[in-house]
Amino acid sequence: MLRLRALLDAALEKAGRQLPGSPGRNLHELFEAIENLFEQNHEQWTLEDVSHDPATSVAELANTKRMIDRSNAVRTGLINQIDQLAHHLEQRLVDTGTPSSVHLSETVGELTDRICILLLKEQYAADHAARELASRKSRHLARSLELTLLAMAHGRAVLPPWGVVKIYSQVEDRPA
């Protein structure tokens, strides 16, 4: 969690200085949602470890798979929450009259999810080269997040549509 905070504090602070008005509360909520996403990814990582363990029984594997699906549904909800908070930040912006010039391929939530996963890979990588690559990639994506938020602050960002694309349902909810 400390690594996440170190990576994102500067990005959110710089973007916050560029946003009109007083976006502090919105940015605090955004960072809190990102921290929750990191914790959810960590929980899911642990569940995935159980599912990959050859000593896991078939019954335990089935239960773990259900837990992974529930965890992924929570994770997807958190990504959506982050995108909703980013959307609220975007709505605060004043139209500069300049056409948007940065067409982004990921939402803020999707980008922060990738950062969280890379931080976990860095933490759990078995060898130094893999840890270093994950570290470089996470720093790169943190800078991408900063630039995304700055582009939003200047009205230059065209964010992709956000919302839940993947749907997790209970077996009994599915048609036969």
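Student: Why is Tyr124 called partly exposed?
Tutor: Its relative accessibility is 38%. Buried means under 20% relative accessible area, exposed means over 50%, and partly exposed lies in between (1.4 Å probe, protein chains only). Tyr124 therefore counts as partly exposed.

Student: What are the ground rules here?
Tutor: This is a predicted model, where local features need pLDDT of at least 70, side-chain atom pairs count only at pLDDT 80 or more, and totals for chains, interfaces and linings use all residues. Residues are numbered from 1 along each chain as its sequence is written, and side-chain values use heavy atoms, with hydrogens and water left out.

Student: What makes Trp45 and Tyr124 a stacked pair?
Tutor: A search of the whole structure finds one aromatic pair. Trp45 and Tyr124 form it, at 5.4 Å centre to centre and 20° between the planes. Rings of Phe, Tyr and Trp (its six-membered ring) pair if their centres lie within 6.5 Å; planes under 30 degrees apart count as stacked, over 60 as edge-to-face, the rest as tilted. Both values pass, so the pair is stacked.

Student: Which parts of the chain does the pair link?
Tutor: Distant ones: Trp45 sits in helix α2 (residues 24-52) and Tyr124 in helix α4 (residues 108-124), 79 residues apart. Helices here are DSSP runs of H or I, at least four residues, and strands are runs of E, at least two, numbered from the N terminus.

Student: How do you know that the span of α4 is close to the expected one?
Tutor: α4 has 17 residues and reaches 25 Å from its first C-alpha to its last. The expected span is 1.5 Å times one less than the number of residues.

Student: Which residues touch the most other members of the largest nonpolar core?
Tutor: Leu4, Leu8, Leu30 and Ile115, out of 33 residues. The elements giving two or more residues to this core are α1 (2-18), α2, α3 (58-91), α4 and α5 (128-153). Such a core is a set of buried Ala, Val, Leu, Ile, Met, Phe, Trp, Tyr and Cys residues joined through side-chain atoms within 4.5 Å.

Student: What does Leu8 contact, leaving aside neighbours within four places in sequence?
Tutor: Phe31, Ile34, Ile115, Ala142 and Leu145. Contact means heavy atoms within 4.5 Å.

Student: Which element has the highest mean pLDDT?
Tutor: α4, at 94, while α1 has the lowest, 74. pLDDT is the predictor's confidence in each residue, from 0 to 100.
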